[in-house]
Amino acid sequence: MPQPRPRNHHAGIGTATNTTTTAARLQPLRRPRTACTRCSNTHKKCDSQMPKCSRCRELNTHCEYENMLHLETPISIGNLSVEDPDMMPTMQDWVVVYNYLRSGGQSLWAMLDPVKFLQSFLSEPPFLRYAVCAVAAHQRLPKVSGRVSLAYFNRAKQAVKKRSDVSIKMIQALFCLSSFATSNGQPDLSKPYFVKAIPMLFQLRLHVDPDDSPWLTHLNLSEEDKNERRMTFWTLFQCVQVVQMITINRGEFYAMPGNSVKFAKQVALDTVAKLPVTLPKTATVCYLTLITNVMVEMAILHSKAPASAMELLVGSAAVLLDRRLAIAKEHIPETLLVSEPSVLFQMVEANPSTPIIHIAITTILYNSALCILHRPRLYLTAYLSLTSPLLLNPDNLMILLTLLEVCLSAAERIATINSWILHRSKSGKDNDAGLFSKKMWQKHSLLSFGLFEAAVVLWFVTCKTNPFWWRNTQEHDDDTLLSDKNSLYVLRMTHSDRQRLRSSVMDILRTYEDLEGTLSSEENAAQSNMATPFITCISAMLREMEQVELNIQAGLPFNSEAKRSSSSSNRDDVEDLVLGVTVMSFGEEESIEPYKGTPWAFLGLLGADVMGYIKWAAYEEGWREFWRTLPD
């Protein structure tokens, strides 16, 4: 991995004596055919095919061209003017970005047209060039020294400070800086960047579709320019929705305008990555906003505990949100939001170039929304006394049984997709040298919180839900529902079911362990990041799940009273552990003292305690009190 070039050295471009003659001195760039790094190191003949040479494709290994400028269309230099010679672009910078984009590097939150950006790379403003380089260098797998990406990050910040632009390119640069902080496992440090971008969205009136913006007429925007405006809006809008949902319990609120913006078109990555990708014409991020828009309302609903169990069980707010989520699902193509994981597996088997990330992320996010919506009522299967008057009503019994099935099914769909992607990568069948799973969650780390939602549900139904709701015999073979609809115990939870669900949670833990590693660099490998609290919590969940299995096999009581474990720890030998994440600065100009911050998650534990002493955050105390005070 090339290091960012020294100051005043302009590799591959030439050195200008003054800024007025720089553009005239720039010469067309030659594109030599060069062997990939692996073939070069092993002294083998390389056919320089993209995105992988034939030899690397046969070996199913990573293929990278460190010194090759291979693009089928010429790079447009344009009218380049340089305010600061130290901000001159280099071809090393270009190669960093090119290697990132050609390997499918962009996430679903991609604002940039990759081909257009590469063609105009040398004339892009420094703040955007270095911001993209920072993300590209940091998210490179196999990993390189964090000093490389950090150098780009610091230069991007310097360039941002020197300019007061209110432009789409500045929004894109701020979003990249935000993504860089998040991909370093420090999402709390990412907020200042996208918060700064939100007022710019208003100032540029990006919340109004360009076709309905007469003030833009004189610009004669092309369809590509219009799509860039739409893509910028929807990407920032969806990101703010996710952050809003995560931080609503902290009293943080980020106002976003109502909008009439048309959905953006999908940015074609195949022109860079050379992969035949079949996707809906509409950008995936636009469909994600349909889901996260409802999820924000769910987070607001669950930010405070209800007044009573009756309000929680039969309140109208959850019913309305359930309908809104169903309507959102109707607007998402079935090829993007699959009904069952097996549909995705069949699609990939029939067509290996199936856009797995787009389908997996959309499906996981939707099922996460189901878990978030119904999880508070799911908790009643543990915390509501079986003698409660609420359970004398058969309709209420059916509501809880239905929610139990819906939550469990949604969590299993999430876990099944994760296990499939994880084992597919571990076995080297991902056509990406075993890196597909790591790359996917590294680039969508905030959306990985859906995996934690699945883990919480699977842990809760196996460790907390009262045995009253389960049939524990092995006499039926149905995966979920029994055929006897008149039986109260319509849901099954056998010993083999418990082992299977624990195995799924183990795979979620492995994914978070991989994520913790990809969010760290060699320099800060020993430091915690946003994946660390998940690892601590899920590890404890697995121990509790295993202990419950052993207790059941030994004929011991299923579990200690659920309400007792939701209160202060009843273990005299163990102090309560409130999970947190260490927030620490990075970069030359950061001056934040390390502190313990609140973990980022969609919904946390909602007042439940793992192993009787592990708690999520202080803001859940209201829910803990609610569960403690439910009438017996």
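Reply: A residue is called buried when its relative accessible area is under 20%, exposed when it is over 50%, and partly exposed in between, using a 1.4 Å probe and protein chains only. This is a predicted model, in which local features need a pLDDT of at least 70 and side-chain atom pairs count only at pLDDT 80 or more, whereas totals for chains, interfaces and linings use all residues. Residues are numbered from 1 along each chain as its sequence is written, and side-chain values use heavy atoms, with hydrogens and water left out.

The pLDDT, which is the predictor's confidence in each residue on a scale from 0 to 100, averages 80 over the protein, and 77% of the residues score at least 70. Where pLDDT is low, the predicted coordinates should not be read in detail.

A nonpolar core is a set of buried Ala, Val, Leu, Ile, Met, Phe, Trp, Tyr and Cys residues joined through side-chain atoms within 4.5 Å, and the largest one here has 174 residues, with Phe 452, Trp 459, Tyr 512, Ile 538 and Met 541 making the most contacts inside it. Helix α16 (residues 356-378) gives the most to this core, namely 13 residues. A second, separate core of 6 residues includes Cys 36, Cys 39, Cys 56 and Cys 63.

Helix α20 spans residues 449-463, and 15 of its 15 residues are buried. From its first C-alpha to its last it reaches 21 Å, close to the expected 21 Å, a span taken as 1.5 Å times one less than its number of residues. Leaving aside neighbours within four places in sequence, Met 541 is in contact (heavy atoms within 4.5 Å) with Phe 452, Ala 455, Val 456, Trp 459, Leu 605 and Val 610.

Thr 362 sits in helix α16 and counts as buried because its relative accessible area is 0%. A polar atom of the Thr 362 side chain lies 2.7 Å from the backbone oxygen of His 358. Residues up to four places away aside, Thr 362 touches Thr 284, Leu 288, Ile 291, Ile 332, Leu 336 and Leu 337.

Helix α10 has 25 residues, and 21 of them are buried, so α10 is largely enclosed by the rest of the structure. In the loop between α10 (223-247) and α11 (270-273) comes Ile 248, which counts as buried because its relative accessibility is 15%. The C-alpha atoms of Ile 248 and Leu 603 are 9.8 Å apart, although 355 residues separate the two in sequence.

As for the cysteines, a disulfide is a pair of cysteine sulfur atoms within 2.5 Å, and by this rule the count comes to 0. Cys 133 is in no disulfide, its nearest cysteine sulfur being that of Cys 176, 9.8 Å away. Cys 133 is buried, because its relative accessibility is 0%, and Cys 239 counts as buried at 5%.

Terms used. Helix = DSSP H or I, 4+ residues; strand = E, 2+ residues; numbered from the N terminus. Polar contact = N/O pair within 3.5 Å; in protein donor to acceptor, adjacent residues only side chain to side chain.
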